[in-house]
Amino acid sequence: MSQSVKKDTLEANKYVHSMLVEAGEYQKSPHFRPENIAKVRALVVSLTGEMDSAASRVIDFGCGTGFMIDLMKDRFGEVHGVDITQAMMKEVDLSSGNVFLHEAMAEQTPFPDSHFDFATAYSFMDHLFDAGDFLKEVYRVLKPGGIFFSGLNPNRDFIAAMDVAERKAVMGISPIVTREIKGALHNGDYYAENFGVDGTMLDKAEPIKALKKGFEAKEMYDLALDIGFSACRIDYDWFLGQGKVMHEQSFERAEQIHEYLSSILPVASPLYKYLNFIFTK
């Protein structure tokens, strides 16, 4: 990747996220909804249940306004957040006394090798231009046996399915699919219309989503193994319409549908919006 392209990606991220935070829109993102917070918190607890909280350290890459930090600061002795956007980090709650912020690129952090027990990156990896460079840094700073969790990574199969739906629909498109088409394929236009954000800058800020059309599960699995992670798990998250099922039917019904779709993976992959990566050093 050329230095000019890397610089464009970094500056676009600063621009977009500064505007969203200052406009009060970032905290309205869907992942701040209570049902998602509970879901992510439960996963963090399950992944870190045997860690010694008093002596343990966690790093949150692309920490933003502190979504993951708030879910983890009671479980670790030290919580370190890394980001490049000062406007976002100013919103992080530091009152617990064990949260430390660092303005740095995720691919080049100031920490020694084998320093952290746990690492996270939530709603972040699609803002990178090269996932491989980032995962190498994650691997470097994790202790042997340390775990990396990354959530809300756009699923390439889902984006491809939305492209097919937009191009080939002959009987009309349901409102829920129309909304997802906008988010998957025309996010820049949506943010320009609703928040005044330059749509081309949003696309530059999300190169893996805008240019590579998201992450492919097998590709990321192989990449993690090549880098050296000893165990790799990829979960599918948030099926199409899951929120609607939760709120109009029940959370139990949504879980039943998720269990069924999970049982027929990878065939059901195009119905899931996101991938979760859980890699162990």
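**Exercise 1. Find which residues of α6 and α7 touch, and describe how the two helices pack.**

*Step 1: the contact.* Look along α6 for F158, I159, M162, D163, A165 and E166; these meet V177, E180, I181, A184 and L185 in α7. Contact here means heavy atoms within 4.5 Å. Helices (H or I, at least four residues) and strands (E, at least two) are DSSP runs, numbered from the N terminus.

*Step 2: Ala, Val, Leu, Ile, Met, Phe, Trp, Tyr, Cys and Pro count as nonpolar, Asp, Glu, Lys and Arg as charged, and the others, Gly among them, as polar.

A note before you go on: this is a predicted model, where local features need pLDDT of at least 70, side-chain atom pairs count only at pLDDT 80 or more, and totals for chains, interfaces and linings use all residues. Residues are numbered from 1 along each chain as its sequence is written, and side-chain values use heavy atoms, with hydrogens and water left out.

*Step 3: the geometry.* Helix α6 (residues 156-168) packs on helix α7 (residues 175-185) at about 120°, and their axes are 9 Å apart. Axes are lines fitted to C-alpha atoms, for helices over the stretch in contact, and angles run from 0 to 180 degrees between N-to-C directions. That angle makes α6 oblique to α7. Angles under 35 degrees count as roughly parallel, over 145 as roughly antiparallel, 65 to 115 as roughly perpendicular and the rest as oblique.

*Step 4: the hand.* α6 passes α7 in a left-handed crossing: the near helix is turned anticlockwise from the far one by less than a right angle, whereas clockwise would be right-handed.

**Exercise 2. Now describe the crossing of α5 and α11.**

*Step 1.* The axes of helix α5 (residues 131-141) and helix α11 (residues 217-227) come within 10 Å and cross at roughly 45°. So α5 is oblique to α11.

*Step 2.* The crossing of α5 past α11 is right-handed.

*Step 3.* On the α5 side you will find A131, G132, L135, K136 and Y139, which meet M220, L223 and I227 in α11. Sorted by type, the residues of this contact are six nonpolar, one polar and one charged.

**Exercise 3. Inspect three backbone details, at P266, S123 and L152.**

*Step 1.* L265 and P266 are joined by a cis peptide bond, with omega about 5°. P266 belongs to the loop between α13 and β7 (272-280).

*Step 2.* S123 has phi near 50°, a positive value in a residue other than glycine. Look for S123 in the loop between β4 (116-122) and α5.

*Step 3.* For L152, phi is near 60°, again positive in a residue other than glycine. L152 sits in strand β5.
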